[in-house]
Amino acid sequence: MDLFAILSILDATIRLSTPLLLACLAGLYSERAGIFDIGLEGKMLAAAFAAGAVAAVTGSAWLGLMAGMGVSLATTLLQGAASITLKGNQLIAGVAINMLAAGMTTFLGQTWFSQGGRTPPLGPGGRFEPITLPFANELAGVPIIGPIYAELISGHYILVYIGFIMVAVTAFVLYRTRFGLRLRAVGENPKAVDTAGISVVLQRYQAIIITGLLCGLAGAYFSIAQGSGFGNNMTAGKGYIALAALIFAKWKPVPAMFTCLLFGFLDALQIRLQGAQLGGVEIPVQAIQALPYVLTVVLLAGFIGKAVGPKAGGVPYTKER
Amino acid sequence: MSARRPLPRWADIALLPAINLLMAFLVSGLVVLFVGENPLHAIQVIIYGAFGYGDGFGYTLYYATNFIFTGLAVAVAAHAGLFNIGGDGQAYVAGLGAIVVALALDQTHWLIAMPAAIIAAGAMGGFWAFVPGWLQAKRGSHVVITTIMFNFIAAALMVYMVNRVLKPATTMAPESATIAVDGRVPQLRQFLSFFGYSPVNLSIVVAIAALIGVYILIWHTKFGYAMRVLGANPTASRYAGISNSRMIMITMTISGALAGMVAINEVMGVQNRLVLDYVAGAGFVGIAVALMGRNHPIGIALAALLFGALYQGGQELQFVIPGITREMIVVIQALVILFTGAMEGLFRPSLERAFMLMGPEQKTEAIAVSTAKPES
């Protein structure tokens with residue numbers, strides 16, 4: 001494989017891991033605050049639809065992005081109302097959100113646009129364009145560093161850069177701010193937070209609001225950056241892979257980035273390897289597709305390291321009476 | 001608030017689910033109104049499509065058969081305090097067992113092929129749930145996450161198996177060889193012309209047997225008692241000398257085997273071959289069915305019938321009212337899960353208070369509760 005082929009796989013890796021990364025960070029805020037979130041998939045799907053629909057109607061990618069984030073936020077708050085205020089089962093709430101999004105997006109898509117659940121293709125301006133970083137063209141001629149900068153680092157959608165910046169921001173917020181300390185505390189020991197006079201409910205709502213906004217970015221990426229318009233079940237289980245990545249990264253932001261890059265790389269490889277031979281033996285594409293899930297199961301089982309989630313995760317907080 | 005009394009039994013098992021279901025329908029009705037269609041007309045179409053004529057009713061029963069199996073799978077696990085979200089994957093993988101046995105025995109008689117396939121499908125489905133159960137019992141990984149992962153692993157595995165192993169060389173479509181007529185599970189229309197062309201088959205008898213079997217298992221056996229103790233209080237069950245890890249593994253296996261019965265209905269009764277994605281989300285409907293049916297076989301039978309009717313009626317709906325697609329049913333299903341499962345806290349407290357007001361001796365207490373300052 002020459003440099004160009006390697007670069008093109010890595011380039012695809014970055015493109016494919018971005019939505020995983022955004023969704024994974026979204027889940028990180030929620031789960032670190034003690035709310036298990038298996039509804040990432042549904043929120044992304046809802047956001048992808050809203051973004052695609054609004055961008056198609058208004059012709060503005062930014063309005064689409066706002067709509068995606070808004071719808072994702074609203075869905076998150078519904079999930080939050082069930083699992084925080086009403087103290088319902090967080091897992092069941094997540095399942096309901098996923099199903100609601102799957103049904104509503106196709107239903108409304110068909111009713112509004114009559115294209116079998118798709119939103120109309122986006123015109124110019126309706127879709128985010130790749131950004132060429134400064135000096136990319138000038139440096140392209142420089143050996144090795146030039147192509148890496150021009151092909152790999154430059155020329156992505158703005159949401160890609162936001163995703164990677166969010167890793168640093170999340171790490172800072174989580175470990176270096178008072179908000180982050182409290183966020184981690186409500187996930188580990190909400191009673192202690194409550195005793196300190198901080199509202200557990202409020203803290204958890206703040207966390208899931210961030211979750212909702214990030215899921216909105218991730219969903220919008222599918223329909224108005226990577227794709228041009230929304231298609232049925234567009235997120236195709238990526239929300240679950242993001243969840244797997246979150247567990248694999250042991251609920252930490254920087255490992256989350258590397259895990260998402262790894263899972264994105266497997267995805268890129270899988271697309272590239274369709275029917276390809278490797279050392280005379282054909283590797284089934286399905287094996288690579290299943291690898292992220294298998295790896296997560298193996299990790300969870302403690303065969304390679306051990307993933308232990310936030311202690312208070314999954315339990316609605318009830319004050320003593 | 002400690003003075004709050006639990007609801008009377010009938011209200012807990014019938015009234016509350018009915019209110020939650022009503023809410024789900026109400027919200028769905030608003031969605032239908034929102035897109036400019038008449039919800040009452042839609043309900044009329046659904047009811048006629050599901051029950052109004054033989055074909056429709058047959059389809060309703062065919063869908064209900066799947067949902068009984070997946071609903072029971074979720075319920076059995078729930079009694080032991082486990083949330084089996086992997087019914088879809090278990091039912092899917094069970095298809096391997098069903099098709100291999102069916103193809104091997106399809107020259108004999110369905111009376112031989114069907115029981116053998118039930119065992120094989122149950123074994124495959126059970127195995128697919130046993131592994132997450134084993135991982136939770138012995139390695140401490142959460143069964144919810146593992147079963148989700150297993151759904152995806154199952155999807156990849158089945159695409160591979162169907163395309164590379166089971167597909168005959170002469171076939172283009174991704175499907176296995178067809179089961180010979182003698183090996184198929186007979187459809188009810190062969191005995192009753194009432195069912196028209198609908199695919200409802202003898203699997204429904206297996207479903208009814210499963211309902212009865214689960215009832216006996218949970219409430220009339222030592223094992224079922226141990227399961228419920230584990231579900232109610234794992235610490236207590238360990239002190240009582242019950243091996244929790246053994247219980248988790250066996251319960252998950254039973255749960256997966258029940259989900260696996262979907263394969264009998266689909267592969268041997270309807271499709272007559274193994275196709276891709278034949279489970280079509282039935283595992284997830286099972287979650288709604290179990291929640292609605294309060295994890296009790298009678299409730300599950302009724303809820304499965306309800307969802308069967310919704311699925312069949314929903315198919316009809318998109319022909320009669322083109323403005324409403326069948327995805328509306330998925331929305332209703334999601335709302336049922338949301339209201340009966342996750343947002344139960346919405347109506348339970350006020351209902352409890354209402355019942356307290358009705359009983360004279362509790363009335364003063366109730367007033368005291370409702371006038372007391374809300375907890376900060």
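Analyst: A salt bridge is taken here as a side-chain nitrogen of Lys or Arg within 4 Å of a carboxyl oxygen of Asp or Glu. In this predicted model, D11(A) and R15(A) form such a pair, with their closest N and O atoms 3.7 Å apart. The two residues are four positions apart in helix 1 (residues 3–32) of chain A, so about one helical turn separates D11(A) from R15(A). By this rule, five salt bridges are counted over all chains, but the count between chain B and chain A is zero.

The interface itself is built from 44 residues of chain B in contact with 41 residues of chain A. The area buried between chain B and chain A comes to about 3800 Å², and carbon and sulfur atoms give 81% of that area. On the chain B side, the residues that lose the most area to chain A are R139(B), M149(B) and F152(B), which together make up 15% of what that side buries.

The elements that supply the chain B side can be named in turn. Helix 1 (9–34), helix 5 (110–139), helix 6 (143–166), helix 12 (282–292) and helix 14 (327–342) of chain B each supply at least two residues of the side that touches chain A. Helix 6 of chain B gives the most to that side, with 12 residues. By residue class, the side of chain B that touches chain A divides into 32 nonpolar, eight polar and four charged residues.

As for the chain that carries this surface, chain B has 16 helices and zero strands. Its radius of gyration is 22 Å, close to the 21 Å that the globule rule gives for 376 residues, so chain B is as compact as a globular protein of that length. Taken along the principal axes, the C-alpha atoms of chain B fill a box of roughly 75 × 60 × 35 Å.

For chain A, an unreviewed UniProt entry annotates residues 46–79, 91–113, 157–175, 205–224 and 285–304 as "transmembrane region". Two of these spans can be compared with the model: residues 91–113 of chain A are 100% helix and 0% strand, with the end C-alpha atoms 33 Å apart, while residues 157–175 of chain A are 95% helix and 0% strand, with the end C-alpha atoms 28 Å apart.

Key:
Residues numbered from 1 in each chain as written. Chains lettered and ligands numbered in written order. Predicted model: local features only at pLDDT ≥ 70, side-chain atom pairs only at ≥ 80, totals over all residues. Heavy atoms only, no water. Contact = heavy atoms within 4.5 Å. Buried area = accessible area lost by both parts, 1.4 Å probe. Nonpolar A, V, L, I, M, F, W, Y, C, P; charged D, E, K, R; others polar. UniProt positions renumbered as here; feature names shortened; annotations may be inferred. Rg over C-alpha atoms; globule rule 2.2 N^0.38 Å.
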